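Thanks for making time this morning. I would like to go through two kinds of side-chain contact, and I will start with a question once the structure is up.

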Amino acid sequence: MASVSHNDAEPITDRLHDNSWSANLEKPRHADDRALVVEQALDAIEHTVSGNHVNLVTHGDHGHPQEYLFDALADEYGDEIEWNYVEQCGCGGHVTRVHV
């Protein structure tokens, strides 16, 4: 696993998005740290204004997001958001669309 603290990781975004957008969670630091992927996915959702969606593009090294991300979304938001798996990218990553 990564030796860098999550506090030292560059944030996924630094502003509210009042539009639909994609959060890139497949950088090299994400490959080594599934917990960072989940943490920054939740942060991306928090930075998405209601009525929009964010595409969470997760690193392929962690497998299908159903294995680790979907439960975290349900635990954190319950019925407040909706998500659906979109596809696996050609690079091996996975796209999950979250409607806020």
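Is Trp 83 buried, exposed or partly exposed? Please bear in mind, as we go, that this is a predicted model. Trp 83 counts as partly exposed, since its relative accessibility is 25%, and a residue has to be under 20% to be called buried. Phe 70, by contrast, is buried, with a relative accessible area of 15%.

As for where the partners sit, Phe 70 belongs to helix α3, residues 70–77, while Trp 83 belongs to strand β3, residues 82–88, so the contact ties together parts that are 13 residues apart in sequence.

Let me turn now to the cysteines. How many disulfides does the count come to? The count comes to zero, and the reason can be followed through Cys 89, whose closest cysteine sulfur, in Cys 91, is 4.6 Å away and therefore too far for a bond, given that a disulfide requires the sulfur atoms to be within 2.5 Å.

On accessibility, Cys 89 counts as partly exposed at 22%, whereas Cys 91 is exposed, with a relative accessible area of 57%.

Technical notes
Residues are numbered from 1 along each chain as its sequence is written. This is a predicted model: local features need pLDDT of at least 70, side-chain atom pairs count only at pLDDT 80 or more; totals for chains, interfaces and linings use all residues. Side-chain values use heavy atoms; hydrogens and water are left out. Buried means under 20% relative accessible area, exposed over 50%, partly exposed in between (1.4 Å probe, protein chains only). Helices (H or I, at least four residues) and strands (E, at least two) are DSSP runs, numbered from the N terminus.
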